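Please look at the sequence and structure first, then read the notes below.

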Amino acid sequence: MDAALGAPAKMADREDDLTPMMAQYFELCREYDDSLVLFQVGDFYEAFCEAAERVARLCEITLTKREDSTGEYAMAGIPIDNAESYIERLLEAGYRVAVADQVEDPDEVTGVVDRAVTRVVTPGTLTEDELLRSADNNYVACLTASDTDRDASTGERDRARGTARPRADENGPYGLALLDVSTGDCYATSADRLDSVADELGRFAPAEAIVGPDAPVDVFDGDCMVSPYERTAFETDRARERVQAYFGDLALADQAEVRACGALLAYAEYTRGGNPDAGDIGDDSTAAVAGPGGTTAEGEATAALDYINHLTRYDPREYMLLDRVALESLELFDRRAVHGHQGLTLVDALDETACALGRRKLNDWLRRPLLDEDRIAARHDAVAELTGDVTLRERLHELLDDVYDIERLVSRVARGRANARDLRSLHDTLAVVPDVEAALADVESKTLVELRENLDSLADVRDLIDRAIREDPAAELTEGGVVKPAFDDELGTLRETEREGKAWIDDLQAGERERTGIDSLKVGHNSVHGYYIEVTDPNLDSVPDDYTRRQTLKNAERFVTPELKEREDEIIRAEGRADDLEYELFCEVRRDVAEESERVQALADRLARLDVFVSFASVAAKFDYSRPEVGADGFEVEAGRHPVVERTEERFVPNDAHFDDQDFFAVITGPNMSGKSTYMRQVALIAVLAQAGSFVPAAAARLPVVDRVFTRVGASDDIAGGRSTFMVEMTELADILGNATENSLVLLDEVGRGTSTADGLAIARAVTEHVHDEVGATTLFATHHHELTGIADELPGVFNLHFETEREGDDVVFEHEVAPGAAAASYGIEVAKMAGVPDDVVARSRELLDESDAGAAAEPAVETNGHDSSESVRVSNTADDPDDGDRDDRDVDEPADSPLAEELEALDVATMTPLEAMNALAELKESLDE
Ligand code: ADP
Ligand code: MG
């Protein structure tokens, strides 16, 4: 175990002798033994012993020590004022951080101040704005296995399952719950198979997960902090009780789901300073700490999570499935992309949202494209209307620009962590709503009409905040300047007393000058001595009897009078009481606002949707997208474009795509860099965009409802991941073959490259046959196996597409234009010719190729007898070049006479990058010169 966690050994040695303060620290460390405990001492959060050493190193702060009667302890303290930046470093280093605050006023207690853990900061339960990215949700996940309560007697599960993609379901059904504590978004779902769980996790990309007894931990990826959690929290009855307390009587039929959800809520409470043992609600087995409101810390934690009040139960089958591999290879969001360029992502290209609410919603919609034709059409209706109305669109964008992140704001309100400025921001956002309503007055599409009709401007809340909170309130809550005096009679009176007192003092100087005849007499105030009347030394003779000396300066004396003293006391009393009262009133207002969390969240949701509609419409208008028709039998895309690549290419060449029942499997050939991958992805992205509710980059598009996009990209070396590329490819392939349906869209990009050509070709053929015969999914298969193009003649659903290379002067240019039919087998030679390889070499290459084609004709197994893959294997098993699998036969009986030709032949043009090709050519030329 990490020595920085748990009760420090050094203190354990003298546990009974520890000073009261250190005993508190020791106890908290023992209780929160999975977290680094930061312990408030005045203005600092301190850590001691090993934890101090760790904190000092990670946060780059000085390691000091504390000495008391029991010994010497290493100590490191971070200033509370900017604790968040230090806490962030500890999180990055993989720690949870338990923040133990002083929960009593040090001025009001004798002896040691009580401290309690008020929050446990963990990667998945962040709520501090400083630590969160506004455009992303931050989820913590909870996974349970099997629907029976397995209790503590069950042994720890073997975690090293080892396989790249677990597919066992002996422990299903699995329950999965996800929660964004910063917004209150909560989801629950269940799945029979572990790979479905993995798919959902890919969609949400949780930062942290807790797992129940028997739940596998290897479905989570490396970016996710995974830990087992208290077994009791997973017990069905406790979990159900908890779920009911938050969400009311929900029809959560599935036990695994209930348990996941309940345990997740328990964990959320724990991170808010609830009972670390995660007992059932109301469990008082551990000493409860009295909070400021008189409730227990645990009760507080529960109340503070009131904004978690709606659960979205969903069936993964309600949304287009985009698993992790698909999200990455389509580059929807950059955050986890391991391959691919660090450039623009789809969400970047589409994001014209005005506020953080909209940005998160956009992410959410792209992550979970719809399957329901009516819901999709409803979104398109809204986008269509906004696309057609520039004025409305711009007006809405302008208004939404003033909308704060009220979703996270209201969660702070509920947790009692919002200050007066937050409330004012909420007020300002609410003030925008009537304008939004007015802007939408004339909309006609049902979606927008409904949206307008359901906008709740929370006039009551807005009015309350406006009456209570000053326009430009102080950031501190306890020092006044927060609540308007007119809001409360007593407060008004106190502030009036204060004001009158100060006015009296303001007049005092003139009055005393007149009374004493001392023209240089001054009335002033300092923080130590309070109010005074200052008289310079030469005038001291004129000082009246009722002046009492307060302070002596170098050239002057300061005095008070009984009257001044009295006024001063009055002011201080009024001010102090008023400041306290303001804080009380503020907390009341904050509680009242918290009561309305649900309405604020509903409003946030509508503003977010509106923002996404406006964003979709702006993009559509700016980049000439068109409204897709979703629900057709096949794909009819006219002049489609890749939404991201078209932004970076000077001249993007649009391409059509046609797939139907007759022709649903395209084998795509063409040289490297000709546009195969781009084309395949653009078809998938158009489907994703359409089902997310957006218009699409095409002149016209009729599309089917795609249930899932599979993308498998070969040759993407996962060397860093330590898995063999071939193994990865094959596991992913197995997944497609097992899960694709006829409504799926399958992209296979150079699959089968991770092995020898013979194997690769054999597998490619077998996959094609299987997908064609058994699955019937719309498939785009880009391949360097030219032999595969022959399948089109054998299987009715398969057809060929190819990309060509043209010559322009001395340059090889890629037309990027897709055309029917297979690419010429000799395109490698063509490219070589265009690139300036000497004519005799090119001619000889042609000769060799012709001979081998003749050989191939005499050996029909290669091109036509597609089902006999062993035959193809035999023919090409020594070749490495995908374009000449059959040439080796000829090589055996007729060795190439030119070493140059041999070298040239050995080049795998289809897999070379342009730079590699250049270098190879340079070498060839050099050897020719020799
Ligand atoms: P391939 O998969 O055939 O090797 P890519 O699809 O990766 O080729 O395309 C290579 C490059 O060509 C892309 O990065 C892009 O810059 C450009 N490109 C691809 N398709 C087009 C197109 N339709 N119009 C313009 N440029 C394109
Ligand atoms: Mg490619």
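Threonine 711 sits in strand β23, which spans residues 708-713; strands are DSSP runs of E with at least two residues, helices are runs of H or I with at least four, and both are numbered from the N terminus. This is a predicted model in which local features need pLDDT of at least 70 and side-chain atom pairs count only at pLDDT 80 or more, while totals for chains, interfaces and linings use all residues. Residues are numbered from 1 along each chain as its sequence is written, chains are lettered from A and ligands numbered from 1 in the order in which they are written, and side-chain values use heavy atoms, with hydrogens and water left out.

**Threonine 711**

- Threonine 711 counts as buried, at 1% relative accessibility; buried means under 20% relative accessible area, exposed over 50% and partly exposed in between, with a 1.4 Å probe and protein chains only.
- Leaving aside neighbours within four places in sequence, threonine 711 is in contact with Val325, Ala326, Ser329, Leu330 and Leu747, where contact means heavy atoms within 4.5 Å.
- With serine 329 there is a polar contact between the two side chains, at 2.6 Å.
- A polar contact is a pair of N or O atoms within 3.5 Å; within protein, one must be able to donate a hydrogen and the other to accept it, and residues adjacent in sequence count only if both atoms are side-chain atoms.

**The whole protein**

- The protein has 30 helices and 27 strands.
- Of its 930 residues, 53% count as buried.
- Among contacts between residues at least 6 apart in sequence, 70% join residues at least 24 apart.
- The protein exposes about 39,700 Å², and carbon and sulfur atoms supply 46% of that area; accessible areas come from the Shrake-Rupley method with a 1.4 Å probe, and for residues only the protein chains shown count as cover.

- Glutamate 269 lies in helix α7 and is buried, at 2% relative accessibility.
- The side chain of glutamate 269 makes a polar contact of 2.8 Å with the side chain of tyrosine 246.
- Glutamate 269 and leucine 305 are 36 residues apart in sequence, and their C-alpha atoms are 7.5 Å apart in space.
- Arginine 272 is in the loop between α7 (255-271) and α8 (297-304), and is buried with a relative accessible area of 11%.
- A polar atom of the arginine 272 side chain lies 2.8 Å from the backbone oxygen of threonine 125.

**Helix α17**

- In helix α17 (residues 459-468), the buried residues include Val461, Leu464, Ile465 and Ala468.
- These residues cover an arc of only 95° around the axis, so they are on the same side of α17; the arc is that of the directions from the helix axis to the C-beta atoms.
- The buried residues of α17 pack against α15 (420-439) and α19 (562-595).

**Ligand 1**

- Ligand 1 is surrounded by 13 residues, the closest being Glu649, Val653, Met673, Ser677 and Thr678; a residue is near a molecule or strand if one of its heavy atoms lies within 4 Å of it.
- Helix α22 (residues 676-692) gives the largest share of this shell, 3 residues.
- An oxygen atom of ligand 1 is 3.0 Å from a polar backbone atom of glycine 675.
- A polar side-chain atom of threonine 678 is 2.5 Å from an oxygen atom of ligand 1.
- A nitrogen atom of ligand 1 is 3.5 Å from an N or O atom in the side chain of histidine 816.
- Ligand 1 taken alone exposes 550 Å², of which the protein buries 82%.
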